[in-house]
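Welcome! Here is a protein chain to explore, with its sequence and 3D structure side by side.

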Amino acid sequence: MTIVYGLLGLSFLVFFHELGHYFAARLTGVKVEAFSVGMGPVLLHHRSKKSGTDWRLSLIPLGGYCSMKGEQDAQAALELGLSEIQGTEDSFYGKHPFKRLLIALAGPLANLFFGFIAFFIIALLGYSYYSSGTSVQMADEVYENMESPAHSAGMQSGDTILSINGKEMEDFQDIARYVSVRPDEDLTFKVKRSNAETGLDEILDITVHSLLEKESGSGKIGIVSDPDSYVERKKEGKGLFGAIAEGGKETGSLIALTVKSVAILFKGVKVTEAVSGPAKITSMLGQSVKVGFSRGARTGIVVTLQFLAIISISLFLTNLLPVPVLDGGQILFSVIEMIRRKKLSPKFLYYIQFVGIAFIAALMILAVSGDIRYFLGGK
């Protein structure tokens, strides 16, 4: 059932993405010829008399698709040797490039919107979680052959971390999250230390240069949590406006975190180890849903929404990459046409597609190889 839960979650996000394209196409006057929930052979379908859209339920529960009139006009123009792509008024290429840009942008924005709604609901509900406090131990004192930049910089077991680079830390989870996306950086820790001789607490500033763990791409400083401080913590539910503000804050933070994580890949990380493929993501999502609901309905909802929000915002950013075959490629082409005030050549679009296909193929190879290692190695 773990894989089933994961597939359903990912399928919903792809469906939501395509729904964004659908509404934008309708608003800009482009005819949507077919909209499918799922892929592959069609099981059921109904053609709307009003819009002419063929609504479909397909066999394979993997997302869906939004098929717009005129999407094949580029191929037809190439085969006919035309200098530009021709399209009717209600077709995709028959529209002004700004409207095509809006249609392409609507899919990623739908994923962004879902991420915000997920965090908004989480903030409304409130939730409980388990985490250690901010008192830490030096990893080289707990484990053999473990490097600890924090210890080398002067931090000691029993120290309590109050803030990092001026940002207050509430629990060990905050510390781990902050450090993990800042590898190979100087981090300033404000720590509280009990002085055994005077019985008073000292507040110290300690600068630690974080390590880059190349297998995961994470930053490490060689500390572990104090097991005695592991307790249940609660996030109380917020009111409507508070939840809206929290949803926006969490969405913005996750976008920044995702962008920073991608940038870390160019710091010498073992990409084949750090990049997750669809199978691994599906398994992790399904496992999170299963474990979450085993602890109660509210916990299950929160855990599921958190994981879906992370993936959805990743889809938002990924699809904005200016790569042909992704929405970002269509956005780029539309912007170029608006600047040039002239349609792009079908031949140019045809050849540039190969660049996009090669890029996507390379990513898929990395992702699938990561999946294979994950399932064979249990990582």
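## Helices that run past each other

The axes of α3 and α11 come within 9 Å and cross at roughly 160°. Axes here are lines fitted to C-alpha atoms, for helices over the stretch in contact, and angles run from 0 to 180 degrees between N-to-C directions. Helices (H or I, at least four residues) and strands (E, at least two) are DSSP runs, numbered from the N terminus. This is a predicted model, in which local features need pLDDT of at least 70 and side-chain atom pairs count only at pLDDT 80 or more, while totals for chains, interfaces and linings use all residues. Residues are numbered from 1 along each chain as its sequence is written, and side-chain values use heavy atoms, with hydrogens and water left out.

**α3 with α11**

- With that crossing angle, α3 is roughly antiparallel to α11; angles under 35 degrees count as roughly parallel, over 145 as roughly antiparallel, 65 to 115 as roughly perpendicular and the rest as oblique.
- The crossing of α3 and α11 is left-handed, a term used if the near helix is turned anticlockwise from the far one by less than a right angle (right-handed if clockwise).
- On the α3 side, the contact (heavy atoms within 4.5 Å) is made by Pro97, Phe98, Arg100, Leu101, Ala104, Leu105 and Pro108.
- On the α11 side, Asp327, Gln330, Ile331, Ser334, Val335, Glu337 and Met338 take part.
- Sorted by class, this contact of α3 with α11 has nine nonpolar, two polar and three charged residues. Ala, Val, Leu, Ile, Met, Phe, Trp, Tyr, Cys and Pro count as nonpolar, Asp, Glu, Lys and Arg as charged, and the others, Gly among them, as polar.

**A closer look at Ile331**

- You will find Ile331 in helix α11 (residues 327–340).
- Is Ile331 buried or exposed? Ile331 is buried, with a relative accessible area of 16%; buried means under 20% relative accessible area, exposed over 50%, and partly exposed in between (1.4 Å probe, protein chains only).
- Leaving aside neighbours within four places in sequence, Ile331 is in contact with Leu101, Ala104, Leu105 and Leu320.
- Ile331 and Leu102 are 229 residues apart along the chain, yet their C-alpha atoms are separated by 8.1 Å.

**α3 with α10**

- Helix α3 (residues 97–125) also meets helix α10 (residues 297–319): their axes come within 8 Å and cross at roughly 155°.
- That makes α3 roughly antiparallel to α10, and this crossing is left-handed.
- Among the residues making the contact are Leu112, Phe114 and Phe119 of α3, and Ile301, Leu305 and Phe316 of α10.
- The residues of this contact divide into 17 nonpolar, five polar and one charged.

**Nonpolar cores**

- The largest nonpolar core has 19 residues. Such a core is a set of buried Ala, Val, Leu, Ile, Met, Phe, Trp, Tyr and Cys residues joined through side-chain atoms within 4.5 Å.
- Ala25, Val32, Cys66, Met68, Ile85 and Ile103 have the most contacts inside this core.
- α1 (2–27), β1 (32–47), β2 (54–68), α2 (73–79) and α3 each supply at least two residues, and α1 gives the most, with four.
- A second, separate core of 18 residues includes Val136, Phe172, Leu187 and Ile221.
- Which residues does Met68 touch, not counting those up to four places away in sequence? They are Ala25, Val30, Lys31, Val32, Glu33, Phe92 and Ile103.

- Tyr130 is in strand β3 (residues 127–131) and counts as partly exposed at 47% relative accessibility.
- Tyr130 touches Tyr230, Val231 and Glu232, not counting residues up to four places away in sequence.
- Tyr130 and Val231 are 101 residues apart in sequence and 5.6 Å apart in space, C-alpha to C-alpha.
- Asn145, in the loop between α4 (139–142) and α5 (149–152), has a positive phi near 55° and is not a glycine. At 83% relative accessibility, Asn145 counts as exposed.
- Asn165 lies in the loop between β5 (160–164) and β6 (167–168) and has a positive phi of about 50°. At 38% relative accessibility, Asn165 counts as partly exposed.

**The whole protein**

- There are 12 helices and 12 strands in the protein.
- Of the 379 residues, 39% are buried.
- Among contacts with a separation of 6 or more, 67% join residues 24 or more positions apart.
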